[in-house]
Amino acid sequence: MPVVIDSTVLHMAIPPLTLDLKATGTEVLWMLDIYSLFMAGLLIPMGVLGDKVGHHKLLLWGVIIFAIASLAAGFSQQPMHLIFARILLAVGGAMIMPTTLAVIRQTFQSEKQRGIALGIWVVFANGGAAVGPLLGGLLIDYFSWRAIFFINIPVLLLIVPFVAFVLPKSISDSKKNWVLKYALLLIVAIIMVVYSIKTIPKWDESVWYGVIAGATGCFLLYLFYKVQHRSPDSMVDWQLIKKPRVKYGMLFTFIPMTICSGFELLLSQELQLVHGLTPTDTAFYIAPFFVAFAFSGALGAYLKRIGILQIIVIGLLVSTVSFFAMSQMGFATLTFWLLFWLLMAGFGLGIIMLAASFAIMSGADDENAGAAGSLESISYELGVGLGVTFFGVLLSQVFSATLRFDPNIATQLPKKVYHSIQDALVYAESTSGELGQVVQTESKVAFEAAHSAVLIACSLILLLFTIQMSIKWYKDKKHNHFKIDK
């Protein structure tokens, strides 16, 4: 839960953190998604390392590193300090996430029992995403944004003796090969691609840096694939990825987390920056979405009866309708129908995650449990990181296109005002008089108009996947790749 909470808790802190550290819109996005993106690059090697040295040992070190990084993040004085602390948090998180799934895979041999166990895991994993905003809101209102990191320390200290003395020793294979340089290659490639996605749409003097970074990142991703695919001791189990259960499980872990993290980013910014809600009020506003997302794991006991593909299709359809309905609504007030669609959207995405988790972990044997756990976790964390990137860039583009000023005022404003609502509000706060007030008012109007376009884009993406998986469901009747055994 602490690992998942740290993926979402910072969303509530955006307004106070932006003003306290004087962070730009781009720095805010890096603070949010560097954690998930860096973790995504480390999850595969950490999963393999767990299979090599034992998941019990790796989990213990992960918890200790996560605690140290939490202290560093809480004492950050500049945006770059927090970004580097979040990278260290990602190292600890990458040790923790795949080991928890591997322990479940090695402990429960019956697929029915494993479905229930993974359902419980999903409740806690998704519950972390639900608790993150609530916890963040309360801590920020009553203490400081720094408290959202310090709160990890007592929890992690409580966990250490249980991991050290209670958790059963896990299966390990000391002959497995582990090479860190390929993990670093993957991380650099991911970061460069994301940097290009953030930079190019601004179309300013740094656009060529974005183009070069994007091309280099894509080349490094291709190089990683070629080197690893040819290697007899590849960190990535390509045969495991080729299995339909694992392949589609990774895809449908990635999609819900992309939309969840992006939607929370959109909603938390609009409620606080536009409608003036406190972090606590914002957290309670968003809570129904994440509560439904978390408790969808209770459906784990019925996986065998309903079926993996059937649950994915149902979840996609419910989510498609929900996000389209919310695109037609305003968020100023939590009405009955908005509450209903928040619950439906959270439940729909949650049951997709449940079915995807089961598909991945049931597609691997005990010896590759860590590798399978890392594949799910990398999909999860890439979804969180790229969701922030995708929604952040899309919001910025719509915001820039919608933001309009009187020609006499526009000539006095720097270009960065059009980049994001954070940049606009930081400028407005530092500018006294009528000009600052105009920038503040118009930026809020522009951002409120942007949420409809983003949610329609989400519903269209979900609709395409609904059609694709419905066809897959029909075709799988002949092959039974997704059939659940006893």
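A nonpolar core is a set of buried Ala, Val, Leu, Ile, Met, Phe, Trp, Tyr and Cys residues joined through side-chain atoms within 4.5 Å. Buried means under 20% relative accessible area, with a 1.4 Å probe and protein chains only. The largest such core here has 148 residues. This is a predicted model: local features need pLDDT of at least 70, side-chain atom pairs count only at pLDDT 80 or more, and totals for chains, interfaces and linings use all residues. Residues are numbered from 1 along each chain as its sequence is written, and side-chain values use heavy atoms, leaving out hydrogens and water.

**Overall make-up**
- The protein has 20 helices and zero strands; these are DSSP runs numbered from the N terminus, helices being H or I of at least four residues and strands E of at least two.
- Of the 486 residues in the protein, 59% are buried.
- Among contacts (heavy atoms within 4.5 Å) between residues at least 6 apart in sequence, 81% join residues at least 24 apart.

**Core**
- M31, F252, F289, F323, M326 and V439 have the most contacts inside the largest core.
- Helix α3 (residues 25-53) supplies the largest share of this core, 16 residues.
- Leaving aside residues up to four places away in sequence, M31 touches L10, L17, L21, A23, P79, L82, I83 and R86.

**Largest pocket**
- A pocket is an open set of points on a 1 Å grid over the protein atoms alone, where a 1.4 Å probe fits, with protein on both sides within 12 Å along at least five of seven lines; lining residues have an atom within 4 Å of a point.
- The lining divides into 24 nonpolar, three polar and no charged residues; Ala, Val, Leu, Ile, Met, Phe, Trp, Tyr, Cys and Pro count as nonpolar, Asp, Glu, Lys and Arg as charged, and the others, Gly among them, as polar.

**Second largest pocket**
- The second largest pocket has a volume of about 370 Å³.
- Its 16 lining residues include I44, I241, M250, I378 and L382, which lie nearest its centre.
- Elements giving two or more residues to this lining are α10 (207-230), α11 (238-242), α12 (244-274) and α17 (369-402).

**Helix α12**
- α12 is largely enclosed by the rest of the structure, because 27 of its 31 residues are buried.
- G276 follows α12 and has a positive phi, near 75°.

Terms used: Buried means under 20% relative accessible area, exposed over 50%, partly exposed in between (1.4 Å probe, protein chains only). Grid points are joined across faces, edges and corners, and a volume is the space filled by probe spheres set on the points.
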